[in-house]
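Dear colleague,

I am passing on the structure we spoke about, and my notes on it follow below. Please read them with the model open beside you.

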Amino acid sequence: MRVKGILNNIEYCDFKGDENVDITDITYDSRKADPNTVFAAIKGFERDGHEYIKDACSNGCRVVLCQDMPEEIDECTFIRVGDTRKAMSDISYLMQRPDEGLNLIGVTGTNGKTSTTYILKKIFDHQGIMSGIIGTMGAVIGEKKVKLNNTTPESPDLHNLMNRMKDEGIENCFMEVSSHSTELYRVKNLKFKSGIFTNLTKDHLVFHKNMENYYQAKKKFFYNCELSIVNMDDEYGMRLYRELREEGINVRGFSMQEDCHYRISNCRINKDESRFLISFNGEDHEVKINTPGMFNVYNYTGALIAALEYGIDIEDIIKAYDLSSGVVGRFEFLPTKLDCTIILDFAHTPDGLEKVMETIDQFATGRKVVMFGAGGGRDIARRALMGKVAGRYCDFVMITADNPRYENIIDICNEIAGGVKEYHNNYMIIEDRGEAIDYLIKNHEKDDVILLAGKSTEPYQVVEDRKVPHFERELAMKSIESAEKQMKETSNDK
């Protein structure tokens, strides 16, 4: 595509150079810029891409997209725009058309996005329908897994992943759509077959400033969807459902409390499974899922509706649910011969932690124990709130590190402890997360339910600006094996 074709399809403020230059790609990484690739100088949160324009041109780049025209560089063609990210998304889409021939289903909300995308994949896999995933745990393209830096990648990376899926013969993509991605134009122009709203609770307020901005960022996504599927039992979900209907947008609601298209009722939950009725078109269908918790009932229902609307038969969906286990790292019971239960989960917000603890409360017969931390440089108010949840539900609380960044770990832990102390003083602070896990498992009591919350499958700790490898499941299993060995040796001694 020639620069002239780009100029005819985007909004720009100024242009300088040769409009006949031919380009085939766009990047925001100056190291990847070459004679056929536009370099987009993004003003990021930590670095300004304009500082790398000279490097991009040194690599042979001939076209630069920017918000500020550099005065000292003359050899390149420059397109000046009001927002580089927005224009980058437009240009990338213009060149790649990634959603053509790809059935896109997006999932947005504070909690439940990852689970819902993997549940959808289980349904489609059961039907023998190839599908891919883009989200928090990376991208899944056939048998390949790709690590990602963001839940929803920057637009050129996102478009490349989608086209890789099509090259592999994949026709369905289930994508987590973050609030950052709508505000930063990462999903701009993409057309989604369905969009699922899970819930909305306090999170990312350092970025969004307040809940209204956060809500509007989520709502923005549904203007890209042919069909919106909304959890009406969430306060913001009910608001979203009503507003979308008033605006004439095609929307389906699901609820336990409201009259709607898809009604949930007769929920029965125990440690091993959840059963419920889903009613639509005048018929009731009993669903069994092999994971406990109302939050899972909602996640599975959202996925069920998206699959139904796609055209998969309800009985096939129910069979897929009955045959499948839960999602790795999401309320995952770790295998152990110890006389306790150990659960791995990603809960990292007050609401997420409370929902998980409510579920544990339904089957725990011994102590309820939780381990978690809070991120540095993020929503400070969350820390004491999570401490309050832990103190209210748990008999013992282990407070530890979770992406401290540039903050002091002990300072963060003490803020969490302030919330715990409103209920009791049965807590401990161990800075090193691996040591904290080891302590809880080796010092467990009979019938303990131990929740390791916050990291799940996230493979690192963010310390200052470094990502230090951290594999929670591996650390937990190592501690379990050690404790089991000790238990066996003690038994033999007797």
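Which residues line the largest cavity? The lining is made up of Ser115, Ile119, Thr291, Asn296, Tyr300, Gly326, Val327, Arg330 and Phe331. Before going further, please note that this is a predicted model, in which local features need pLDDT of at least 70 and side-chain atom pairs count only at pLDDT 80 or more, while totals for chains, interfaces and linings use all residues. Residues are numbered from 1 along each chain as its sequence is written, and side-chain values use heavy atoms, with hydrogens and water left out.

The cavity

A search of the whole structure finds one cavity of 30 Å³ or more, and the largest cavity has a volume of about 50 Å³. A cavity here is a set of points, on a 1 Å grid over the protein atoms alone, where a 1.4 Å probe fits but cannot get out, and lining residues have an atom within 4 Å of a point. Grid points are joined across faces, edges and corners, and the volume is the space filled by probe spheres set on the points. Helices α4 (113-126) and α10 (294-310) each supply at least two residues of the lining; helices (H or I, at least four residues) and strands (E, at least two) are DSSP runs, numbered from the N terminus. By residue type, the lining divides into four nonpolar, four polar and one charged, where Ala, Val, Leu, Ile, Met, Phe, Trp, Tyr, Cys and Pro count as nonpolar, Asp, Glu, Lys and Arg as charged, and the others, Gly among them, as polar.

Threonine 110 lies in the loop between β6 (103-108) and α4, and is buried, with a relative accessible area of 5%; buried means under 20%, exposed over 50% and partly exposed in between, with a 1.4 Å probe and protein chains only. Leaving aside neighbours within four places in sequence, threonine 110 is in contact (heavy atoms within 4.5 Å) with residues including Thr198, Asp203, Tyr214 and Thr349. Threonine 114 lies in helix α4 and counts as buried at 5% relative accessibility. Not counting residues up to four places away in sequence, threonine 114 touches Thr136, Met137, Glu176 and Arg330.

The second annotated set

Threonine 151, in the loop between β9 (144-146) and α5 (155-167), is partly exposed at 24% relative accessible area. Its side chain makes a polar contact with the side chain of threonine 136 (3.4 Å), a polar contact being a pair of N or O atoms within 3.5 Å; within protein, one must be able to donate a hydrogen and the other to accept it, and residues adjacent in sequence count only if both atoms are side-chain atoms. Serine 178 is found in the loop between β10 (172-176) and α6 (179-183) and is buried, with a relative accessible area of 11%.

With best regards

Definitions and conventions. On a 1 Å grid over the protein atoms alone, a cavity is a set of points where a 1.4 Å probe fits but cannot get out, and a pocket is an open set with protein on both sides within 12 Å along at least five of seven lines; lining residues have an atom within 4 Å of a point.
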